[in-house]
Amino acid sequence: MCQVFLSADPQLWAHRARSIRLHGVATSLRLENLFWQVLQDIATRDGYSVPQLCTKLYDELLAERGAVDNFSSFLRVCCTRYLALQLSGEIPQDVRIPIRTLTPSSHRSPPAPAHTLHH
């Protein structure tokens with residue numbers, strides 16, 4: 001099974017930090033290159049730069065949750081959900097259709113499954 005994943009370019013899991021300004025405050029985000037690529041795809045699709053997209057996502061998360069605890073992890077989840085929703089057809093493959101024009105009610109996550117530990 002691991003060979004399927006090992007065949008990926010090692011540069012995809014190499015990480016890099018980028019300095020992003022969120023409302024004038026410089027913050028450093030450290031993500032794997034694959035996630036930076038997906039964020040670039042999402043940003044381009046909606047007519048944003050990556051810093052603009054990050055600011056928009058940060059603001060929306062803050063408005064919805066009242067706090068931002070782990071923004072880098074949130075961005076990784078956004079990227080993973082974007083790819084999964086594209087595969088399922090819930091986000092069109094046609095990148096000319098901006099994500100901001102899609103109906104959000106159809107993109108809600110089901111509850112996370114409960115995991116049990118087996119000893």
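Which ring does the charged end of arginine 18 sit over? In this predicted model, the answer is tryptophan 36.

**View 1. Arginine 18 over tryptophan 36.** Look for the charged end of arginine 18 above the tryptophan 36 ring, with 4.9 Å to the ring's centre.

**View 2. Arginine 100 over tyrosine 48.** Here's another charge over a ring: the charged end of arginine 100 lies 5.6 Å from the centre of the tyrosine 48 ring.

**View 3. Tyrosine 58 meets phenylalanine 71 edge-to-face.** Searching the whole structure turns up two aromatic pairs, and this is one of them. The ring centres of tyrosine 58 and phenylalanine 71 are 5.3 Å apart, and the planes make an angle of 85°, so we call the pair edge-to-face. Phenylalanine 71 is buried, at 9% relative accessibility, while tyrosine 58 is partly exposed, at 23%.

**View 4. Phenylalanine 71 stacks with phenylalanine 74.** Now the planes are 20° apart and the centres 6.1 Å apart, and this aromatic pair is stacked. Both residues sit in helix H4, and because they are three residues apart, about one helical turn separates them. Phenylalanine 74 has a relative accessible area of 25%, so it counts as partly exposed.

**View 5. One aromatic cluster of Tyr58, Phe71 and Phe74.**

Conventions
Residues are numbered from 1 along each chain as its sequence is written. This is a predicted model: local features need pLDDT of at least 70, side-chain atom pairs count only at pLDDT 80 or more; totals for chains, interfaces and linings use all residues. Side-chain values use heavy atoms; hydrogens and water are left out. Rings of Phe, Tyr and Trp (its six-membered ring) pair if their centres lie within 6.5 Å; planes under 30 degrees apart count as stacked, over 60 as edge-to-face and the rest as tilted. Buried means under 20% relative accessible area, exposed over 50%, partly exposed in between (1.4 Å probe, protein chains only). Helices (H or I, at least four residues) and strands (E, at least two) are DSSP runs, numbered from the N terminus. A charge sits over a ring if NZ of Lys or CZ of Arg is within 6 Å of the ring centre and within 35 degrees of the ring normal.
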